[in-house]
Each structure stands twice: as structure tokens, then as C-alpha cells.
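The sequence and structure come first.

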Amino acid sequence: MAWTTPRTWVTGETPTAAQFNAHIRDNLNFLYGAPSCRAYHNAAQAIVTATETGLAFNSERFDNDTMHSTATNTDRITANTAGRYLLISNGQFAANATGYRQWDIAISVGPAYVGMEILPVVSAAAATVMNVATYYAAAVTNYFYTSVIQTSGGNLNVDSSGNYSPEFMAHWMGN
Amino acid sequence: MAWVAQRTWVTAETITASMFNVMVRDDQRFLYSPPHARAGSDEGETQNSTETIASTDLSILEVDFSVTTEDTDNMREITSADYPASIPAATPSSRFMKVNTAGKYLLASSIAFQVHADMTVFGISIGRASDALSIARKTRHVTAAPTVDEIVGASSIWDCVVGDLFYVTALWRQGAGGQTSADLSGATLAYPYLSAQWMGN
């Protein structure tokens, strides 16, 4: 359900049911159920060392604005409603003590990073879990994606671990 | 004030003040100030844990939030009757945030570790009590001799049902034979905190 620019009511006019439904019912329903999406991947993804790699998300927890597909371009959360979005991406690299880990949120326009985290690693006993949050404006058809880099020297998995890895989410916050 | 499902207006019907007050006034008020809550601790309050867990395991401490700074939907009014069967009745209710209005929530938390020399990794998890799974998690590696508190935070958007309970867990690992305990610092408003904000349905 799309937002309709609220009309200006005029003294003496007779409002119609159609006007009320569009400008009151539908607009309030839009705000009540603002576009929101959370996707995740249910299997480990191998990341080649020192190679920026986009993450796939083959499953969804919720998507009320057809922002994500579990079949095609599963890396993308697409803005079908223009506005400013809160974006969060969370995920875990398998345990490894070498190099650094980078977790990015990027937008298709540019392309450009809109959120990023870089961490050095020193412990081989613990996985590295990253959580990036950001806030960015998107036009219709712009899409966001998560890309990662690891410099362990070999392949390293982004683990699948419920309910935080990897997970990618977006919520419309306003226009 | 709860959301009331929007009615469909009908041609030729008589519109009453009551309809307007519910459908226009009250629902706009709900969206203008949706459910939200934030909890933290007293300034200088510390929480600590003594563990005897091997360095290969991950130590945990469930974080207590002794101070509620905002709560518009009784999200911090919790008793043991709200706990799922997996949570012991004696567990302090101050550890939890409860959802009373269904919808998508932004959940965020931050904690501060008094990192010690034996600590190799520390982190945070926001968990849901019903299945004890993390809905947000972050870890950091200790790369140098710690001289100040290290702060770590995480956030998440989760589709919540009424009755969902959320809590925060501090996570850490130490080197073989090292100190197993951990202390968390408290600074009012900054850390630790757990917040929840209704974002939409």
C-alpha cells in the first residue's frame, strides 16, 4: 500500500468515502505497516581471502513490501518505497586468527558504502561477529547489499547461525 | 493507547465524533508516540561474574538493568509468570524487556567490559527468551593491553509477538589458564543499556 499525499480539505465541501479511505485509512495503514524486511542465509558461505564478496540471503523472516527475493539477486534489499531506511547487517566469520574482517552495507547508486566495520583478529579460538547499523536515503529501485572482506590468507566461511548470522534488515523510517 | 484497525468509510454513512476520535485522533497519536522503553544501570554500578569455564568455551553473564529510564508500554513490568518454562522463576525480572504490543521493534544494547589481560575475545548478544537464540550479536578481539573499559554494542530489527522477552548476554573468552571472571561497568544512560522501539506492524 503506497502513501498518498494528503489532500487539503476545503470549507463547505462534502468529503467522500473514497477520500476518507485514501487520505485517512490508507495513509494511516501505510504508516502503521511501514516497509520492512529481514533476510538471512541458511548455509555457510565461503569467502575468498582479500576479495570483496557480496553475501547471499536465501531466506526471509519478514518482507511486507517485496523488497527481497529468495530466488533472484538474493543479496539485495530493494527500496520499492522511496525514503530513509534504517539498515542493519549482522554476521559471523568462522574462527581464525589472521588478518582483519570487514563488513559493509552498500547502496547500488555509486556504488557506495553507507555503513562499515573493520576489525583486526588475534584469537583463533573464537569466531568474529560483526554488527553494522546505518541510516540512508533510497529512491525507488535503489537497492542495498552486504559485502564482506577477510584477509586470513585462505577461504573463510561466513557461518550460518540462528538468528544472527548472516542477517540483513531494512526498515522505512520516513520520507 | 493501542492501535485500532482502520475502518473503511462508506458512502452516505453518518460520521460521528467517536469515529473520528478513534480512527483519526487516537491512531495518529499511536503512530506519533509508539511503544518504547529503555533500561540501564546506576552510575558506577558494576556487574561481575566468576567462572570456572575452560578457555575453549565461551563465558556468559546475563546483564542486569536495574534502572528503567523510559517505558511507555509497561515493557519493564515483568514477573516470573511472564517467563517461558526454560527461565527459572528466581531469575531477576530486571534482566528483561517484554513486548506488550506486537510489531517490528528496533532492539539495541551496549555494554562495557573491564577488559583484563587474560581476555582474548569479548562481545554482546541480544537474545529472545522463548528460544534462547541471539537476534543480534557482536564480538571483538583484544588486540593490546587494555587500559580502559571496552564498549561493545549491537542492534536488530525483530518481528515480535505479545509476550516476547528479550535479554542481553555478555560474552567473553580467556586464554588457557587465564582469569575466567569478567566485570561490566555501569554509566547511567551510556552502558549497559537495552532499548526497544516499536517501528511498525
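## The interface by area

How much area is buried between chain B and chain A, and what share of this area do carbon and sulfur atoms give? In this predicted model, the buried area is about 3,400 Å², and carbon and sulfur atoms account for 64% of it. Trp9(B), His141(B) and Ile157(B) supply 19% of the area that chain B buries against chain A, more than any other three residues.

In terms of residues, 42 from chain B are in contact with 39 from chain A.

## Polar links and the chain B side

The interface of chain B and chain A holds 17 residue pairs in polar contact, counting pairs with both residues at pLDDT 80 or more. It also has 1 salt bridge: Lys138(B) pairs with Glu117(A), and their closest N and O atoms are 2.3 Å apart.

Several elements of chain B give two or more residues to the side that touches chain A, among them helix H1 (17-32), strand S6 (103-113) and strand S12 (193-200). The largest share, 9 residues, comes from S8(B). By type, the residues on this side of chain B divide into 20 nonpolar, 13 polar and 9 charged.

Technical notes:
Residues numbered from 1 in each chain as written. Chains lettered and ligands numbered in written order. Predicted model: local features only at pLDDT ≥ 70, side-chain atom pairs only at ≥ 80, totals over all residues. Heavy atoms only, no water. Contact = heavy atoms within 4.5 Å. Buried area = accessible area lost by both parts, 1.4 Å probe. Salt bridge = Lys/Arg side-chain N within 4 Å of Asp/Glu carboxyl O. Polar contact = N/O pair within 3.5 Å; in protein donor to acceptor, adjacent residues only side chain to side chain. Helix = DSSP H or I, 4+ residues; strand = E, 2+ residues; numbered from the N terminus. Nonpolar A, V, L, I, M, F, W, Y, C, P; charged D, E, K, R; others polar.
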